[in-house]
Every structure is written in structure tokens, then in C-alpha cells.
Amino acid sequence: MEELENLLNDKSSELAKVLRCSLHGMKASLQQAQREYSLGAETSTCQRLIEELDRLLNSHDKLNNDQESTIAISEEKQVDEFKLKVLQAEFFADTRLFPYFGDRIESRSHTDKQLWDEIHYLLLRVPENLAKSWRKRALEIADDCKIKVTTDKKNFVELPLCGNDDNELIHAALKTKEVARGLYHSTKSKFDSRIPQLEKNEELYLHGCLVSTYLKLIELEPSGELHHAFEPVYRFGLKSLADELDRDKYTNALIKCLSSCKKAEQKDILEYLQTRLDLDEAIHSLVFPTPAPSNSWWGQLQQKSRRDLNSVADRARKEGHQVAIRSLTGVYADVHHLSKHNRELDSGGTPGEVLTCLRVYARINGEEHLGRVLYRSLN
């Protein structure tokens with residue numbers, strides 16, 4: 001072991017460079033084994049091996065690079081200031097959350113601000129009752145840790161109020177060295193400058209709120225997991241919005257759909273209905289790889305658009321048109337004949353059931369317009 005340490009500390013040795021790379025690889029392999037396999041009695045052995053590899057690699061760093069040593073001390077001090085570790089440990093160990101994020105959920109956070117943002121944006125994707133209980137628990141832990149939580153609106157991101165609801169606090173802000181900004185639905189929040197400006201008495205005002213909210217959340221959402229499944233933009237399933245070009249393609253299409261509705265609003269009712277169907281699909285096409293359930297904050301936001309779609313269908317019927325609209329839900333085998341270009345996912349919901357209805361099924365004056373869904377595989 002002494003000879004091994006001496007070799008590692010030899011800055012001029014090519015063999016030492018190869019060895020250090022190998023040790024880093026071995027450490028990563030052991031950590032991956034901890035995550036993926038049930039090691040039973042060997043768990044403690046695996047951990048000791050990781051710690052020994054850490055010791056060897058850190059020993060080299062301390063002896064041979066004063067700059068790296070200074071950074072390590074700084075990082076250690078930063079870790080010490082990470083007060084919400086209890087919240088991190090509790091939240092990411094809660095098995096009730098796992099079905100909403102795939103088979104496994106791991107934290108990416110190393111500071112209180114990062115964790116507060118991470119957890120509260122994740123909670124937008126789980127059933128509201130579970131989300132409320134975790135928001136309450138987060139406030140309790142923050143109080144125990146003597147970290148200030150605030151509802152001062154200057155520390156908030158304001159989202160346009162969707163519909164006739166009252167102002168809504170979605171989650172509080174956290175004040176540390178960096179402020180983790182809260183989320184708030186506000187009657188005073190303005191629309192995104194890229195979309196048509198609508199008055200509150202206009203029929204499309206709700207959709208202006210929805211689209212503005214989407215554009216803001218695409219910008220803020222910290223997980224990097226937002227995707228879209230809007231077929232006019234991407235035909236092959238889910239497309240990540242992590243890439244700026246793909247993000248712009250989707251957001252531009254979303255804005256265009258709203259603008260098309262605005263232009264068609266005073267024209268033929270069937271033309272207007274078609275633009276509204278397209279806009280509803282664009283809104284429902286913003287999804288996560290494990291789609292948020294309908295009783296989550298995300299799901300409830302999307303349903304506002306679909307409920308409003310029925311009023312347009314009613315107007316078309318009053319003008320003498322035969323219009324039937326159906327949101328496709330439940331067992332996939334029961335609705336697949338009413339849809340096309342569907343996509344199968346392997347997580348979320350119940351196997352064999354529809355996860356998200358991206359586009360409703362419509363029959364207009366005897367002509368059938370098939371819907372589109374994301375559904376859970378049976379495996």
C-alpha cells in the first residue's frame with residue numbers, strides 16, 4: 001500500500017496518471033453498484049472500498065496540488081453550510097414519490113437554494129395532497145434549521161393568474177445567501193411579451209395566461225426533464241427541451257398556435273374550433289418522461305385549457321354543426337381505435353392505461369378527427 005501511495009504522489013510518472021484514472025473508474029463502478037444492486041451483507045464492504053479509494057485519491061490531491069486543496073477546503077465549508085440535508089434525505093427516501101419520477105429519484109442539489117428549488121418544482125408533478133404535506137414538512141425543517149422562509153412578493157416569480165381564481169401562493173421563498181424564489185399566481189402578472197396581449201374579458205385570456213405560464217416554467221424548471229410531444233414539431237415521441245434549438249421550436253409553435261386562435265376568433269366557428277384543438281394539443285404536449293398525473297399542479301393547469309374547449313364546441317352546436325369532443329382516458333385498449341400516432345412509455349400511472357391525452361378525439365359534421373395519447377406499456 002505504501003508503494004502504491006508513493007506512486008500516486010509522483011507527479012512525473014505516466015503510470016501514476018493511468019493508475020489514478022483506474023482508481024476513479026473503480027470508485028464510480030462501486031458507487032453505481034450501490035445504486036443499482038441490493039448488495040446485502042456486502043454493502044458495508046463496498047462502502048469501505050469506496051472510502052479507501054477516496055483516501056488514496058485525496059491523499060494525492062493534498063500532497064501534490066495546493067490549489068486543489070484550497071478548493072477542497074472551500075467546498076467542504078460550503079457543504080457545512082448546507083443546512084437542509086435532513087430535508088434532502090427525507091424527501092428523496094420517500095417511496096410514495098417514486099411512481100411520479102420513474103423507478104428512482106436522486107437529488108442534484110448541493111446548496112439550500114438548489115434543494116429548495118429542486119424539491120418544490122418536483123412537487124408540482126405529484127398529487128396535490130402529497131405535495132401539500134411535503135411543502136408543510138419543508139417549512140418545518142427550514143424553521144428547525146433557522147433558515148428564513150418568506151412570502152414577501154419581491155422574492156417571488158409571479159405567474160399570470162389562470163381563470164377567475166384568487167391569487168395563489170404555490171410555494172414560499174427561501175432566504176439564504178442566495179434567495180430560492182417562490183412561485184405565485186398573481187392578478188398583476190403580465191403576459192409574456194412574445195404573445196398577443198389580451199384583455200381579461202376576452203375569451204382567449206385564459207390561454208394567454210396558460211401560455212405565459214408555460215413559457216416562464218420552461219425557463220425556470222430546474223430538473224432539465226421537460227419534454228414536448230407536439231407532433232407538428234417532432235413526430236417521433238418525446239423531445240427534450242434541454243437543447244436551446246429544440247426549446248425554441250416548441251415555444252415558437254406554442255406561441256403560433258395562440259396567435260392563430262386570436263386571428264380565427266372572429267371568423268368561421270369551425271375554423272376557430274380547429275385552431276383551439278391545435279392549441280389544446282400544444283398545451284398538453286408539454287410533458288415529463290413520467291407524465292404528471294391529472295391531480296397534480298401540472299395536470300390541473302392543463303385541464304383548464306381542455307375544460308374551456310367544450311365551450312367552443314357548444315357554440316358550434318348552437319350554430320347548427322354536429323360536434324362531439326372526447327378526451328381519451330382510461331384503458332388504452334378501449335380508446336386506441338379513436339387515436340393515432342400514440343406513444344408508449346414505461347413509467348408512470350397504471351400499466352395498460354392512458355397517461356396523457358395529448359389531443360382529443362373529435363367528430364365534426366360526420367368527419368372523424370383522431371386523437372393522440374401517451375400510454376403506459378403493459379410490461
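Begin by selecting helix α9, residues 244–264, in this predicted model. At the N-terminal end, show the side chain of Asp 243, which caps α9 through an oxygen that lies 3.0 Å from the backbone nitrogen of Leu 245.

Next, colour the buried residues of α9, among them Asp 246, Tyr 250, Leu 254, Cys 257 and Cys 261. Which elements cover them? The cover of these buried residues includes the helices α8 (205–220) and α10 (269–284), together with the strands β7 (227–228), β8 (239–240) and β9 (286–287).

Now move to the open sheet, in which 3 strands follow the order β11-β15-β12 with mixed pairing. The edge positions belong to β11 (343–345) and β12 (354–359), each of which pairs on one side only, and from one strand to the next the twist averages 20°. Between β11 and β15 (residues 372–376), which run parallel, there are 3 bridges; to find one of them, select Arg 343 and its bridge partner in β15, Leu 374.

The last stops concern salt bridges, of which the count is 21. Select Glu 225 and Arg 108, whose side chains meet in a salt bridge at 3.6 Å, N to O; this pair links parts of the chain 117 residues apart, with Glu 225 in the loop between α8 and β7 and Arg 108 in the loop between α5 (85–91) and α6 (112–122). Glu 225 has a relative accessible area of 25% and is therefore partly exposed.

Are Glu 128 and Arg 135 buried or exposed? Their side chains form a salt bridge of 3.1 Å, N to O, and both residues are buried.

Then turn to Arg 315 and Glu 203, where the closest N and O atoms of the salt bridge are 2.6 Å apart. Arg 315 sits in helix α11 (residues 297–318), whereas Glu 203 lies in the loop between β6 (182–186) and α8, 112 residues apart. Arg 315, at 30% relative accessible area, is partly exposed, and Glu 203, at 27%, also counts as partly exposed.

Finish by selecting Glu 231, Asp 278, Glu 281, Arg 359 and Arg 372 together, which salt bridges with shared partners join into one network.

Conventions. Residues numbered from 1 in each chain as written. Predicted model: local features only at pLDDT ≥ 70, side-chain atom pairs only at ≥ 80, totals over all residues. Heavy atoms only, no water. Helix = DSSP H or I, 4+ residues; strand = E, 2+ residues; numbered from the N terminus. Expected span 1.5 Å × (residues − 1). Buried < 20%, exposed > 50% of the residue type's maximum accessible area, 1.4 Å probe, protein only. Contact = heavy atoms within 4.5 Å. Polar contact = N/O pair within 3.5 Å; in protein donor to acceptor, adjacent residues only side chain to side chain. Pairing = 2+ DSSP bridges. Axes fitted to C-alpha atoms, helices over the stretch in contact; angles between N-to-C directions. Salt bridge = Lys/Arg side-chain N within 4 Å of Asp/Glu carboxyl O.
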